[in-house]
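Colleague: I am new to this structure and would like to learn how to read it. Please take me through a few features in turn.

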Amino acid sequence: MYFPDLSHYVYGQTFPERHIFNIAWLSKDHSFERGPAPESLRTCLRDRIAAPVNLYRGKHACEFCPEPPKKRLPGGIETLDYPAEILGNGEIRVRALDGKIYVAPVLIYHYIVCHEYLPPRVFIDAVAADLPPPVVRDGVWR
């Protein structure tokens, strides 16, 4: 699912909120900023993706990686044998000092490390601030 960086977050909810933005909802059909990401960003994101939120039943595979080999399941059904690191089914949320909230798929780490995705500077700065992630209480992001 593709959403441009810094567009209003609407995935999984019925209406956009003015202070919540998308980051790293990438697609092979759209170009994205590339470049070296700070090592501190990689370290912080690796820790954050270990505890994703807003989990969905299905998993999304990285569209930039080659298709993996097939494997045969019990009963003879063939399926693709995706490595776990190229699959995602949740999000991370990052709060900035100015109150903005950035929402990214857990695949953001993979995109940065393997495909040289470079997030917008405001997101990198928000991750560096290391504020507690926002939570949703009574339908309101806090």
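This is a predicted model: local features need pLDDT of at least 70, side-chain atom pairs count only at pLDDT 80 or more; totals for chains, interfaces and linings use all residues.

Colleague: Is strand β6 mostly covered or mostly open?

Modeller: Buried means under 20% relative accessible area, exposed means over 50%, and partly exposed is in between, with a 1.4 Å probe and protein chains only. Strands (E, at least two residues) and helices (H or I, at least four) are DSSP runs numbered from the N terminus. Strand β6, residues 91-95, is mostly covered, with 4 of its 5 residues buried.

Colleague: Which strand is joined to β6, and in which direction do the two run?

Modeller: Two strands pair if DSSP finds at least two bridges between them. Here β6 is joined by 5 bridges to β7, residues 101-105, and the two run antiparallel. One of the residue pairs is R95 with its bridge partner I101 in β7. The two strands form a hairpin with 5 residues between them, and G99 in the turn has a positive phi of about 95°.

Colleague: Where does S27 lie, and what does its side chain join?

Modeller: A polar contact is a pair of N or O atoms within 3.5 Å; within protein, one must be able to donate a hydrogen and the other to accept it, and residues adjacent in sequence count only if both atoms are side-chain atoms. S27 lies in the loop between β1 (20-22) and α1 (39-49). S27 counts as buried because its relative accessible area is 8%. Its side chain and that of E63 are joined by a polar contact of 3.3 Å.

Colleague: Which residues does H110 touch beyond four places in sequence?

Modeller: Contact means heavy atoms within 4.5 Å. Not counting residues up to four places away, H110 touches C62, C65, E85, I86 and H115. H110 is in helix α2, residues 108-115, and is buried at 7% relative accessibility.

Colleague: Why does Y9 count as buried?

Modeller: Y9 counts as buried because its relative accessible area is 1%. Y9 is found in the segment before β1, and its side chain makes a polar contact of 3.3 Å with the side chain of N54.

How values were computed: Residues are numbered from 1 along each chain as its sequence is written. Side-chain values use heavy atoms; hydrogens and water are left out.
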